[in-house]
Amino acid sequence: MHCHVRFWRRVGEATHRLSLIHSQVLQDVVKRVKLAFDRFIKGDSNGKRSGRPRFKKRHRYRTFTYPQLKEGCLEENIINLPKLGKVKIFLHRPIPTGFKIKTASITKKCDGYYLVLSLLDKTVPEIKPDINPESIIGIDVGLKDFLTTSEGETVEIPQYYRKSQKRLKVIQKRVSRRKKGGNNRLKAIKQLGKQHKKVADKRKDFHFKTAKYLLSKYDVVAYEKLNVKGMAKSRLAKSVLDAGWSSFLTILTSKAVRVAWPTALNAGLLAVPVSAQNTSQNCSNCGKKVPKKLHVRWHDCPHCRCSLVRDHNAAINIKNRAAGFEVTVR
């Protein structure tokens, strides 16, 4: 009898706790679980399967999502969230007129809570009518310099992670020496998270500024399609991940096609991916293949006597491959 009473009391407590959470947020959790098992059993659209889903502890569940919000939920810097009520927020940028808020995700990070809004714009993005196909640049990303353009200009690689390794090592030792489950260990973990976030924020800011610089000068930016995931498994893994090429190219592409944001000065431009095969080996002047190993940083063509920096040669090849890309004004 006592067991039954205890069981139903716990059921009642669990039901009460769940009733405090918005129903659609709970449904989104179930949707995530289903998606994880589908990827494990069937794989994604490319047939690639993920690992077995694991139980996630309470402190590791950092994001929850509202799949839909009422119209007019955001007024100036106050957003009205179901079950949470009115919450004061600091907007990163104003919401453009005509855009509708579709979803809202709240993420807990080491330095506070972040709100990510997904917006809907019914207008179809168009390429800027006055785009100049002749205003094209090719870029070759690397580890000696972050990138080299086909004009011979280089951008220095910042290496934020390597510069902060000593500090990270000190904090990591502090974490490992603390007793598991103790408050001091939690404080050290929070401090370590803040340091990692600081490195990530610096890198992201550098990527945005570099992308803005390129798109402010050129209408078309060509880059090579790289297998970054494969490179991250090599001996150069730390340097490759520290450079963050994938993140930079994603930012470059999204910033180029951004049309409706009123703050975007470079809306409607193009970022064109080209094949990375033999961009460093082929001569940019005569097209003949000149084999060279990775440590050889200078290109000397025995056929046409073309002599220039290896990365500069690769950037010109990338530009030449993208030059045949037809720019269509819709």
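In the predicted model, the protein chain contains nine helices and 13 strands. Of the 330 residues in the protein chain, 33% are buried. When contacts with a separation of 6 or more are considered, residues 24 or more positions apart account for 59% of them.

Two packed helices are described by the angle between their axes and the distance between the axes. Helix α4, which spans residues 165-177, packs with helix α5, which spans residues 183-217, at an angle of about 160°, and their axes lie 8 Å apart. Because angles over 145 degrees count as roughly antiparallel, α4 is described as roughly antiparallel to α5. The crossing of these two helices, α4 and α5, is left-handed. On the α4 side, the residues that meet α5 are Arg167, Leu168, Ile171, Gln172, Arg174, Val175 and Ser176, while α5 contributes Arg185, Ala188, Ile189, Gln191, Leu192, Gln195 and His196. Sorted by class, the contact of α4 with α5 comprises six nonpolar, five polar and three charged residues.

Helix α5 also packs with helix α8, formed by residues 245-257, and here the angle is about 45°, with the axes 9 Å apart. This angle makes α5 oblique to α8, and the crossing of the two helices is right-handed. The residues of α5 that make this contact are His207, Phe208, Thr210, Ala211, Lys212, Leu214 and Leu215, and those of α8 are Ser247, Phe248, Ile251, Leu252, Lys255 and Ala256. By class, the contact of α5 with α8 consists of eight nonpolar, three polar and two charged residues.

Asp140 is placed in strand β7, which covers residues 136-141. Its relative accessibility is 3%, and Asp140 therefore counts as buried, since the term applies to values under 20%. When neighbours within four places in sequence are left aside, Asp140 is in contact with Phe146, Leu147 and Thr148, and also with Glu224, Asp311, Ala314, Ala315 and Ile318. A further relation across the sequence involves Asn317, which is 177 residues from Asp140 along the chain, although the C-alpha atoms of Asp140 and Asn317 are separated by 9.4 Å.

Methods
Residues numbered from 1 in each chain as written. Predicted model: local features only at pLDDT ≥ 70, side-chain atom pairs only at ≥ 80, totals over all residues. Heavy atoms only, no water. Axes fitted to C-alpha atoms, helices over the stretch in contact; angles between N-to-C directions. Helix = DSSP H or I, 4+ residues; strand = E, 2+ residues; numbered from the N terminus. Parallel < 35°, antiparallel > 145°, perpendicular 65-115°, else oblique. Left-handed = near helix turned anticlockwise from the far one by under 90°. Contact = heavy atoms within 4.5 Å. Nonpolar A, V, L, I, M, F, W, Y, C, P; charged D, E, K, R; others polar. Buried < 20%, exposed > 50% of the residue type's maximum accessible area, 1.4 Å probe, protein only.
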